[in-house]
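Student: I would like to go through this structure and ask what stands behind each label.
Tutor: Go ahead; each answer will set the value against the criterion.

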Amino acid sequence: MRAMLLDAPGAPLRAADVDAPEPGPGQLLLRVRACGVCRTDLHLRDGELEPGHLPLILGHQIVATTEDGRRVGVPWLGWTDGECAYCRSGRENLCPQARFTGRDVDGGYAEYAVADERYCLPLPDGMSDLEVAPLLCGGLIGHRALRLAGDGERLGLYGFGAAAHIICQVAVHEGRRVFAFTRREDEAARALALSLGAEWAGDSMAPGPEPLDAAIIFAPVGALVPAALRATAPGGTVVCAGIHMSDIPSFPYRDLWQERVLRSVANLTRADAREFLAIAPKVPVRTTVQEFALEDAEEALSRLRAGRIEGAAVLRGPPP
Ligand SMILES: [Zn+2]
Ligand SMILES: [Zn+2]
């Protein structure tokens, strides 16, 4: 099969012909229809996160068909042991033995993939393969971040890419007021945010027009943490939703004082996935997708690195 291989962190992905994977016990053989490109893929590509093995096939937002013709989604959470204290308390996202798709298990930047059937998700009808792919990470982890941000009405979203453009729609549907914080020059992201119901879009390093009840930081920029705390009202929560961020600069305690909460969100549980995939069609969430051929995965990652993707980048699978 055709696959894009990461040979070493820091090296460009390489197109190659490799053997299709063989499903092990409990695994499905999947024909990839589309695979979303996530910032986590870029962190693995750039050596900011450690790959589980090399060469590695990235990609953890896989829309695929099974051998018996069912459409399923494969998210980042690929396997857990089911028996540790985290797994037994509804927190399988923190399982120390967890295996992640596109890091520990080869992912969807390929024509075929295998996945543990218990972690595959049924997908809502009414969205194409390309449109539904970004729900599988940006949507699922974004949803977990939104829940952990609490019920506050005024929600700030820092970085308006794949996850934020989905979560903005959910938040507006819930009756919240959304404020989009982007880099000063990113006019396209601001226009997208306003078109999806955000009431304001502006510079991420300055406070918004009024204090926030909660903020979610999707951009991998540590300097946004103190900026978001300063933009947040007493009692508000700031959630860091990414897996990697540049270092957080030191900041005065008064920016955290008055019961502001700062927390991270890690991975997802299958319960998060079921919950979000039930909500998405009710909103209904519509994704803005930039489509790439499988062989152009490196180009998609380059554009993501440069902030030149509007909405979400998705690799399309081979024609049926
Ligand atoms: Zn566990
Ligand atoms: Zn992801």
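Predicted model: local features only at pLDDT ≥ 70, side-chain atom pairs only at ≥ 80, totals over all residues.

Student: Why are cysteine 38 and cysteine 137 called buried?
Tutor: Buried means under 20% relative accessible area. Cysteine 38 is at 13%, so it counts as buried. Cysteine 137 has 6%, so it is buried too.

Student: Which residues does threonine 40 contact, leaving aside its neighbours within four places in sequence?
Tutor: Threonine 40, in helix α1, is in contact with Leu49, His60, Trp76 and Ile243. Threonine 40 has a relative accessible area of 9%, so it is buried.

Student: Why is the arrangement around the zinc ion (ligand 1) called tetrahedral?
Tutor: Four donors count as tetrahedral if all angles lie between 85 and 135 degrees. The four donor atoms here subtend 99 to 119°, so the arrangement is tetrahedral. The donors are Asp81 (OD), Cys84 (SG), Cys87 (SG) and Cys95 (SG), at 2.1 to 2.3 Å. Their spacing in sequence is D-x2-C-x2-C-x7-C. Aspartate 81 and cysteine 95 are 14 residues apart, in the loop between β6 (77–79) and β7 (99–100). Cysteine 95 has 5% relative accessibility, so it counts as buried.

Student: How do you know that the buried residues of α8 line one face of the helix?
Tutor: The buried residues of α8 (297–305) are Ala297, Glu298, Ala300, Leu301 and Leu304. Seen down the axis, they fall within an arc of 160°, so they line one face. They pack against β1 (2–5), β3, α1, β16 (289–293) and β17 (312–316). Glycine 307 follows α8, with a positive phi near 70°.

Student: What makes α4 mostly covered?
Tutor: Nine of its twelve residues are buried. Among them are His165, Ile167, Cys168 and Gln169. The cover includes α3, β10 (154–158), β11 (177–182), α5 (187–195), α7 (270–279) and β17.

Student: How does the span of α4 compare with the expected one?
Tutor: Helix α4 (162–173) reaches 18 Å from its first C-alpha to its last, close to the 16 Å expected at 1.5 Å a residue. Just after α4, glycine 175 takes a positive phi of about 90°.

Student: Why is leucine 157 called buried?
Tutor: Its relative accessible area is 0%, so leucine 157 is buried. Leucine 157 is in strand β10 and touches residues including Ala164, Ile167 and Cys168, which are among the buried residues of α4. Other contacts of leucine 157 include Val178, Phe179, Ile216 and Phe218.

How values were computed. Residues numbered from 1 in each chain as written. Chains lettered and ligands numbered in written order. Heavy atoms only, no water. Buried < 20%, exposed > 50% of the residue type's maximum accessible area, 1.4 Å probe, protein only. Helix = DSSP H or I, 4+ residues; strand = E, 2+ residues; numbered from the N terminus. Contact = heavy atoms within 4.5 Å. Arc of directions from axis to C-beta. Expected span 1.5 Å × (residues − 1). Donors = N, O, S within 2.8 Å, 3.2 Å for Na, K, Ca; no water. Tetrahedral: all angles 85-135°; square planar, octahedral: opposite > 155°, others 65-115°.
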